[in-house]
Amino acid sequence: MLRINDGEYAFTEKKSKFLAFGYGISGRADVKTHVDALRAKYPDATHVCYGFIADGTGDDYGYDDEPSGTAGKPIWSAIASSGAVRSLIAVVRYFGGVKLGAGGLTRAYRRAAAELIGAAGLTEARRVCDYSAVCGGDTFKKASAALHAAGCAIGGVVYAGDVSFTVTAPAETDITIYLAPFGIKPIKTAERYENI
């Protein structure tokens, strides 16, 4: 799966300033977080428009009072053309006093998104799950060897009587198969996407 690397791109078109921001996202909730943060960071901006592709069913775009079809959809279209998923592009616009017209706005927002993708690039990403678990010290050595052999990453190891640790595994890997023989019951704490 390809997704957009986090990045920024800016340009000016007929005195209007366009600031494009790209983000890899896990889902729709991330969109609101990033767009709200941009609105807070640029409170005097005229518009904050965006487009995103979450998983093929949660795709959407927002115009923030720009004329329909001139902002969010061209941003979304640039993402779709790149083949990226789990990606958001938000464009902050400062009106410069010269109206661009519907065609000019569409071209400007599409350019902002396309240039951002070109500047930030795309990367391969995969869906992973994070778990936490606890076991005895001798058991941890054996369990960690089994998890490593299965392609899992172990981190956050804390030795204090028992050993507590975290595991990051590809989403398609059922880590209970590897931990059950040791009597370890992992707790799933998150599901997310990470760059490969």
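**Entry 1: aromatic rings**

I began with the ring pairs, which link Y9, F11, F18 and Y109 into a cluster. I note at the outset that the model is predicted. Over the whole structure I recorded eight aromatic pairs. I looked up where the two residues sit. F18 belongs to strand β3 (residues 16-24) and Y109 to helix α3 (residues 101-120), so this pair ties together parts that are 91 residues apart in sequence. I checked the exposure of both and found F18 and Y109 buried. At F11, another member of the cluster, I found a charged neighbour: R111 lies over the face of the F11 ring, 3.9 Å from the ring centre.

**Entry 2: helix α3**

I next followed the helix that carries Y109. Helix α3 has 20 residues, and I noted a reach of 28 Å from first C-alpha to last, close to the 28 Å expected at 1.5 Å a residue. I listed its buried residues as G104, L105, A108, Y109, A112, A113, L116, I117 and A120. To read such a list I kept in mind that an α-helix has 3.6 residues a turn, so residues three or four places apart point the same way. Just after α3, I found G121 with a positive phi of about 85°.

**Entry 3: strand β7 and its partners**

I then turned to strand β7 (residues 122-135) and looked up its pairings. With strand β1 (residues 2-4), β7 pairs in the antiparallel sense over three bridges; there I found L2 opposite E124 of β7. With strand β10 (residues 187-195), β7 is joined by eight bridges, and the two run antiparallel. I recorded A190 in β10 as the bridge partner of D130. Strand β9 (residues 162-170) also pairs with β7 in the antiparallel sense, over eight bridges. In this pairing I noted Y131 opposite V167 of β9.

**Entry 4: cysteines**

Last, I searched for disulfides and counted zero. I looked at C129 in particular: it is in no disulfide, and the nearest cysteine sulfur, that of C152, is 10 Å away. A disulfide would require the sulfur atoms to be within 2.5 Å. I also checked the exposure of two cysteines. C129 has 2% relative accessibility and therefore counts as buried, the limit being under 20%. C49 is buried as well, with a relative accessible area of 0%.

Key
Residues are numbered from 1 along each chain as its sequence is written. This is a predicted model: local features need pLDDT of at least 70, side-chain atom pairs count only at pLDDT 80 or more; totals for chains, interfaces and linings use all residues. Side-chain values use heavy atoms; hydrogens and water are left out. Rings of Phe, Tyr and Trp (its six-membered ring) pair if their centres lie within 6.5 Å; planes under 30 degrees apart count as stacked, over 60 as edge-to-face and the rest as tilted. Helices (H or I, at least four residues) and strands (E, at least two) are DSSP runs, numbered from the N terminus. Buried means under 20% relative accessible area, exposed over 50%, partly exposed in between (1.4 Å probe, protein chains only). A charge sits over a ring if NZ of Lys or CZ of Arg is within 6 Å of the ring centre and within 35 degrees of the ring normal. Two strands pair if DSSP finds at least two bridges between them. The expected span of a helix is 1.5 Å times one less than its number of residues.
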